Amino acid sequence: MHPAWSVIVFTTVAGAAQGLVVALALATLLGVPLAAGFVDAALLCALGMLVVGLASSLLHLGRPLRAWRAVAMWRTSWLSREVIVLPAFIGVVAAWWLALRVGVSAPWLPLLAIAVSALLWYCTAMVYVCIRFIQEWAHALTIVNYTLIGLASGGLLAAALAVLGGQPALARSLVPWALGLTLLAWATRTLALRRNAALKLKSSLQSATGIPAKKLVQKSMGMSAGSFNTREFFHGASAAAVRHVRLALHGLGFGVPVLLLLAVQLGAPLGWLVLALMVQGAGLLAERWLFFAQARHPQNLYYQTVS
Amino acid sequence: MSDTLAKQLALVIDLNVCVGCHACVTSCKQWNSSGAAGPLADLNAYDANPTGTFFNRVQTYEAGSFPETETVHFPKSCLHCEDPPCVPVCPTGASYKRKEDGIVLVDYDKCIGCKYCAWACPYGARELDEERQVMTKCTLCVDRIYDQALPPADRKPACVMACPTGARLFGDVKDPDSDVSKAIRERGGYALMPEWETQPANQYLPRKVTAALGE
């Protein structure tokens, strides 16, 4: 597939915002001492990121002004469900922020935020999982990775915000959370990469055309230049570029952040957490790019040869 | 979507006689550019990289090893699946399958151009129109086949009318006595990518020569 920046930014940024909210909610529920002003500011940050994600997802549409129509088919469409749950999550986070602001005690709000965040990860992942013939996506690992990567980046974001917000004790207590989740997400994402590398594709040129010849090649795709089919479903990057992106996924997305988190755990300056966040941000954009680029759509069988 | 419809209009493509002339492609483009929905976009039509929206393409394949080769011209358009994966994924309901005749259509006024239906079609049958920014696809010339102003013999999709070799049959595949049902039954009609269980309504009649080539 051709990775669309709108969707890459949306899923990465919203995922991290969800992870941030979950980290704050768990800290609140577990009774970790939190400065009220800090939670307030961190929730605002999450809200800002979610709005950026929502705006980015609108840019993906050919007709953004009609976006409101997308709530209609929630009975059958995971995309429709995602479109409903994202604003719902923004609403819950905004309500929590407001409750803190006006000083109303509502311990159920963080709990609700965790539940709706989990639901949003599930909906986002199911948008991809439910396309059964994109075999790279149609697997439970997609759900696991969307969730764990969001949790890991959100945990690191919470720790970095704690550093910037002058909450060193909170930052220290978040480091093991972010470290454990980053290691876990690295492991499950690596599993998905391995699975993709070993995948046997169910469709072939023979099944696509029904021509029963062992040797079968396309001589013409029926046009001399490109079409929607050649633009939307091919990433167009060289094998070397894809290798570099995979390196960025492992190194920037997980490896370097893990080392920096470990270093902070062992006594390095807390400022390194901010660096870890920036490195991981870049790496996770690469991760999401590869998620799309690695998906081999069966329609590509019909678009192999220009002549 | 799993309930079976009483009527399912479809095309049956005879690969024995398609000569790859692209008359179905151009007649489709002409008819569907002249209708109420407006033109199918053409970008850089006279430039280095022309691109445009088409509902129908004719592709060419080579089967076998030289000198035992066969050239197969292969027209490709929406297959109007009986279980169309593109329909349930549409978030707005713009993509739908008509109950009365099984044609899969897009309501251009409801489409938000999210392209999710195109992702969910294993055949690449849908194309986003770059000018209108809505998803488009073969309509089986729904604005033609029921037109009472046309003589009954002309109430067929433009591609079927244009084909000089009669490689395109059109009819109700649920009617056992229709030409298309007989052709499928008697000449080994088959569906594309049966592995995804989309139950395409359009079927293809295999080339007898290629089948004889075996390997």
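A contact here means heavy atoms within 4.5 Å. With that in hand, take chain B: of its contacts with a separation of 6 or more, 60% come from residues 24 or more positions apart.

Before going further, some ground rules. This is a predicted model, in which local features need pLDDT of at least 70 and side-chain atom pairs count only at pLDDT 80 or more, while totals for chains, interfaces and linings use all residues. Residues are numbered from 1 along each chain as its sequence is written, chains are lettered from A and ligands numbered from 1 in the order in which they are written, and side-chain values use heavy atoms, with hydrogens and water left out.

How confident is the predictor? pLDDT is its confidence in each residue, from 0 to 100; chain B averages 94, and 96% of the residues score at least 70. The model as a whole gets ipTM 0.95 and pTM 0.95.

On to the overall build. Chain B carries six helices and 11 strands, counted as DSSP runs numbered from the N terminus (helices H or I, at least four residues; strands E, at least two). Its radius of gyration is 17 Å, which agrees with the value near 17 Å for a compact globule of 215 residues; the radius is taken over C-alpha atoms, and the globule rule is 2.2 Å times the number of residues to the power 0.38. Of those 215 residues, 57% count as buried, meaning under 20% relative accessible area, with exposed over 50% and partly exposed in between (1.4 Å probe, protein chains only).

Now zoom in on helix α1, residues 23-33 of chain B. Its buried residues include Cys24(B), Val25(B), Cys28(B) and Asn32(B). An α-helix has 3.6 residues a turn, so residues three or four places apart point the same way. Among the elements covering the buried residues of α1(B) are β4 (56-63), α4 (158-162) and β10 (168-172) of chain B.

Most residues other than glycine have a negative phi, and most peptide bonds are trans. The bond from Phe66(B) to Pro67(B), though, is cis, with omega near 5 degrees, and Pro67(B) sits in the loop between β4 and β5 (70-77) of chain B. The loop between α5 (179-186) and β11 (203-205) of chain B holds Met193(B), a non-glycine with a positive phi of about 45 degrees. Gln199(B) lies in the loop between α5 and β11 too, and its phi is also positive, about 50 degrees. Buried or partly exposed: which is Met193(B), and which is Gln199(B)? Met193(B) counts as buried because its relative accessibility is 0%, whereas Gln199(B), at 46%, is partly exposed.

Notes: pLDDT is the predictor's confidence in each residue, from 0 to 100.
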